[in-house]
Amino acid sequence: MGDIKKIAFVDFMPNYNPKEQHFWKILARHYDLELVEKEYADYVFFSVWGNEHWSVSDRCVKIFYTGENRTPDFNACDYAIGFEKMTFKDRFLWLPLFYLYDECQAMEQKHLDFDRDLLLAEKTGFCSITVSNTNRDPIYEKLYNALNSYKKVDSGGKWNNNIGGAVKDKMLFDTQHKFSIVCENWGNDGYITEKIAQAFAARTIPIYWGGYLQERDKLFNPKAFIDVRTLGGVDEVLKMVKEIDSNDDLFCQIIAEPALLDDTVSLGAVMKKLEDFLLNIFEQPIESAQRRTRYAKYVIAPQMVEMLQNYYYKKYGFVQKLRYNIKRILK
């Protein structure tokens, strides 16, 4: 396969195993790879959970990946993979997080070969919601209150838990319900995580709010879920839920719709885009693949980055909680 590609992974979560992830598996099909410490790497993948990436050699090609709602700093990386709805020459790939989850395969097959009677029999509950992190847009609470005024919504997370404790198997929990309230933490453009894929995979109807816009992103089949943003309000969502809930034929018709819009956004098609993006980087000589400003780490010291991040988290978190509490008081 040619020269060995020496790769390091830094600033990921502590339990992150690079060799079990898509980036490594894709590259391993084309190259001999060696997982090394950052000091010996020619290529460094990094994420948002630390600042080690600032100390790597200027010669390294740095590839930023985020599963969080964070915008890439292209002075700190040569290439980036993330949520932001943008194009930047060959340096950025939009990759919604759900494509990297196992549930994506089940989501693609959820409309195939299901037994109507068994499906209806397993739906012993009306609607599920699983929320533990409340530092987020309060839309989830509005949806919960509206639907719970019609029928009981089972809350399986730490927030407002009403089933005797947090669920251990979210997939099984969702599978037992006809609907599932699925809200991203934030509504930033393009920010689409695994949450909606998990609901689709459980053969429930997602009641979805997030950074997805149908006319722009064109990922999901609009006949397969309830798009809160498209409907425009909680009252309209409740009206649609009532209609579906009272009509088993309509419910099964929606479940029988494929989750994704067409083959151009299938798991296979998106993984091919990821493969092409990575191969474009690794097929070039290292010097040709470099894109970032090489003096950036001297302009923005790692200590300053850490200080600004800590300030951002503290201030932003406080403002969000204050906003949330004010809205609750004024309701």
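**View A. Aspartate 11 in the loop between β1 and α1.** In this predicted model, aspartate 11 sits in the loop that joins β1 (5-10) to α1 (22-28). Take a look at its backbone: phi is positive, about 65°, although aspartate 11 is not a glycine. Is aspartate 11 buried or exposed? Its relative accessibility is 5%, so aspartate 11 counts as buried, the cut-off for that class being under 20%.

**View B. Arginine 203 in the loop between α6 and β10.** Here is another residue that is not a glycine and still has a positive phi, about 55° for arginine 203. The loop around arginine 203 lies between α6 (195-201) and β10 (205-209).

**View C. An open sheet of six strands.** Follow the strands in the order β2-β1-β3-β4-β5-β6, and you will find parallel pairing. Which are the edge strands? They are β2 (33-35) and β6 (92-94), each of which pairs on one side only. From one strand to the next, the twist averages 20°.

**View D. The pairing of β1 with β2.** Three bridges link β1 and β2 in the parallel sense. For one of the residues to look for, pick lysine 5, whose bridge partner in β2 is leucine 33. In general, strands of a sheet pair through backbone hydrogen bonds.

**View E. Helix α11 across the sheet strands.** Helix α11, residues 267-282, lies across β1, β3 (43-46), β4 (61-65), β5 (79-82) and β6. Relative to β5, helix α11 runs at about 165°.

Notes: Residues are numbered from 1 along each chain as its sequence is written. This is a predicted model: local features need pLDDT of at least 70, side-chain atom pairs count only at pLDDT 80 or more; totals for chains, interfaces and linings use all residues. Side-chain values use heavy atoms; hydrogens and water are left out. Helices (H or I, at least four residues) and strands (E, at least two) are DSSP runs, numbered from the N terminus. Buried means under 20% relative accessible area, exposed over 50%, partly exposed in between (1.4 Å probe, protein chains only). Two strands pair if DSSP finds at least two bridges between them. Axes are lines fitted to C-alpha atoms, for helices over the stretch in contact, and angles run from 0 to 180 degrees between N-to-C directions. Contact means heavy atoms within 4.5 Å.
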